[in-house]
Every structure is written in C-alpha cells, then in structure tokens.
Amino acid sequence: YENYPKMLARHKVFCSLSTLEGGPVPLIESLASGLKIVVTDTGHVRDVLSQIHDYNIIPIDAKVDVVVSALREAIADCSISDQSFEKFDLKFYVETLHALFN
C-alpha cells in the first residue's frame, strides 16, 4: 500500500466497471490524485463527484463501445478538476453531526 500513491500518479484515468460498489474510497483516492474518472453508476458515485462530465458516469450494463468512448473522452479531457474534498474531511463530518444534533 505504501506504493499506491506512486502507482496512481503514473495513470491518467481511474476506471471502475463495478455492478455493485461497496464504498467510495478508491474513487476519492483517484480524484485526490488528479485522475480522470470513468465509473459505472453505482454506490456513492453521484455523491462523490461534484464535477460531472458526459463521460464520467456510464450505465452498469454499458457495452464495450460505450466504455471505450468514455475512456477516450477522459484521456482527451484537458480540463483541471475542481473537485472539492472538504465534505470528506473529518472536521466537516464532525461539524455536520454537531449541527444535526443541536
């Protein structure tokens, strides 16, 4: 796991073709590493992505041509991600809980 950040830095796109996603950690790590995202519409994807492009979220049952097209668009996308990670910060979580109970 100590080499994981270095491995992510060598890539351009994070692609997850899951039919069922258990949690957003790999997605968040990939976003934090600046990778473009191509994922199936599962789990927490829409909660995590604040900046959504046409290629980011593909159907769970996407055919190969849809996946390939999304990957090509992601690779060609030169925009800089403006994803905000504040909502995943422990301080934000504690403040949100505090606001809910007060």
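Among contacts in this chain (heavy atoms within 4.5 Å) between residues at least 6 apart in sequence, 41% join residues at least 24 apart. Before I go on, a word on the source: this is a predicted model, in which local features need pLDDT of at least 70 and side-chain atom pairs count only at pLDDT 80 or more, whereas totals for chains, interfaces and linings use all residues. Residues are numbered from 1 along each chain as its sequence is written, and side-chain values use heavy atoms, with hydrogens and water left out.

Let me turn to the overall layout. The chain holds five helices and three strands, taken as DSSP runs numbered from the N terminus (helices H or I, at least four residues; strands E, at least two). Along the sequence they follow the pattern α-β-α-β-α-β-α-α. The C-alpha trace spans about 50 × 30 × 25 Å along its principal axes. Of the 102 residues, 26% count as buried; buried means under 20% relative accessible area, exposed over 50%, and partly exposed in between, with a 1.4 Å probe and protein chains only.

Isoleucine 37, leaving aside neighbours within four places in sequence, is in contact with Phe14, Leu27, Ser30, Leu31, Leu49, Tyr55 and Asn56.

How many of the 12 residues of H5 are buried? The number is zero, so H5 lies largely in the open. Its end C-alpha atoms are 17 Å apart, which agrees with the 16 Å that 12 residues should span at 1.5 Å a residue; the expected span is 1.5 Å times one less than the number of residues. Leu90, Tyr93, Val94, Leu97, Leu100 and Phe101 form a nonpolar patch on the surface, with about 690 Å² of accessible area together. Such areas come from the Shrake-Rupley method with a 1.4 Å probe, and for residues only the protein chains shown count as cover. Patch residues have over 30% relative accessible area and no salt bridge, and nonpolar side chains (Val, Leu, Ile, Met, Phe, Trp, Tyr) are joined within 5 Å, like charges within 9 Å. A salt bridge is a side-chain nitrogen of Lys or Arg within 4 Å of a carboxyl oxygen of Asp or Glu.
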